[in-house]
Amino acid sequence: MSERGMQELALLLLTALANAPRHGYAIAQEVKEITGGRVVPRTGALYGALDRLLAEGLIRVEREEVVDGRARRTFALSDAGRERLAVEAERMAATAREARRRLAAGGAVRPA
């Protein structure tokens, strides 16, 4: 596992799959919802990131089917993906805590 933080889209895709398997369009909709519409992944970026996560073993194909004449894969978080997401979430939380502490020390805001 890399010490470097995960790219935002990859993190959002893992988050979108954390509670249920989903197909590509549903994952994109979850990402949009998670970010309040700030991130709407384009098709190429979405499937490119899903392919990378598959290659890294962080997600798996749960099911493949043909819907309206088109192939559709349903993706699920793998055990390794669940572990990586937990690590990334803690890393981000620690960074946010430190940012709040430093802001408070500088008199900008009170810590939460």
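Guide: Helices (H or I, at least four residues) and strands (E, at least two) are DSSP runs, numbered from the N terminus. The model is a predicted one, in which local features need pLDDT of at least 70 and side-chain atom pairs count only at 80 or more, while totals for chains, interfaces and linings use all residues. Residues are numbered from 1 along each chain as its sequence is written, and side-chain values use heavy atoms, with hydrogens and water left out.

Visitor: Okay, start with a loop. Where is aspartate 68?

Guide: Aspartate 68 sits in the loop that lies between S2 and S3.

Visitor: And is aspartate 68 buried or exposed?

Guide: Aspartate 68 has a relative accessible area of 77%, so this residue is exposed (buried is under 20%, exposed is over 50% and partly exposed is in between, using a 1.4 Å probe and protein chains only).

Visitor: What about the next loop, the one between S3 and H4?

Guide: Serine 78 is found there, in the loop between S3 and H4. With a relative accessibility of 11%, serine 78 counts as buried.

Visitor: What is serine 78 in contact with?

Guide: If we set aside its neighbours within four places in sequence, serine 78 is in contact with Gly57, Leu58 and Ile59, where contact means heavy atoms within 4.5 Å.

Visitor: Let's switch to helices. How many residues of H1 are buried?

Guide: Of the 10 residues of H1, 7 are buried, so this helix is largely enclosed by the rest of the structure. The buried ones are Ala10, Leu11, Leu12, Leu13, Leu14, Ala16 and Leu17.

Visitor: What covers the buried residues of H1?

Guide: The cover includes strand S1 (22–23), helix H2 (24–34) and helix H3 (43–55), together with strand S2 (59–67), strand S3 (70–77) and H4.

Visitor: Take H4 from that list. At what angle do H1 and H4 pack?

Guide: Helix H1, residues 8–17, and helix H4, residues 79–105, pack at about 120°, and their axes are 10 Å apart. Axes here are lines fitted to C-alpha atoms, for helices over the stretch in contact, and angles run from 0 to 180 degrees between N-to-C directions. H1 and H4 are therefore oblique to each other, given that angles under 35 degrees count as roughly parallel, over 145 as roughly antiparallel, 65 to 115 as roughly perpendicular and the rest as oblique.

Visitor: Which residues meet there?

Guide: From H1 come Leu11, Leu14 and Thr15, and they meet Gly81, Leu85, Glu88 and Met92 in H4. By class, this contact of H1 with H4 has 4 nonpolar, 2 polar and 1 charged residues; Ala, Val, Leu, Ile, Met, Phe, Trp, Tyr, Cys and Pro count as nonpolar, Asp, Glu, Lys and Arg as charged, and the others, Gly among them, as polar.

Visitor: How do H1 and H3 pack, then?

Guide: H1 and H3 pack at an angle of about 75°, with 10 Å between their axes, and that makes H1 roughly perpendicular to H3. On the H1 side the contact is made by Leu9, Ala10, Leu13 and Leu14, and on the H3 side by Ala45, Leu46, Ala49, Leu50 and Leu53. The classes in the contact of H1 with H3 are 9 nonpolar, no polar and no charged residues.

Visitor: And how far apart are the axes of H2 and H3?

Guide: The axes of H2 and H3 are 11 Å apart, and the two helices pack at an angle of about 105°, so H2 and H3 are roughly perpendicular to each other. Gly24, Tyr25, Ile27 and Ala28 of H2 make the contact with Leu46, Tyr47 and Leu50 of H3. Those residues of H2 and H3 divide into 6 nonpolar, 1 polar and no charged.

Visitor: Tell me about alanine 28 on its own. Is it buried or exposed?

Guide: Alanine 28, which lies in helix H2, is buried, with a relative accessible area of 10%. Apart from neighbours within four places in sequence, alanine 28 is in contact with Pro41 and Leu46.

Visitor: Last one: what is threonine 43 like for accessibility?

Guide: Threonine 43 is found in helix H3 and, at 56% relative accessibility, counts as exposed. By comparison, alanine 99 is placed in helix H4 and counts as partly exposed at 38%.
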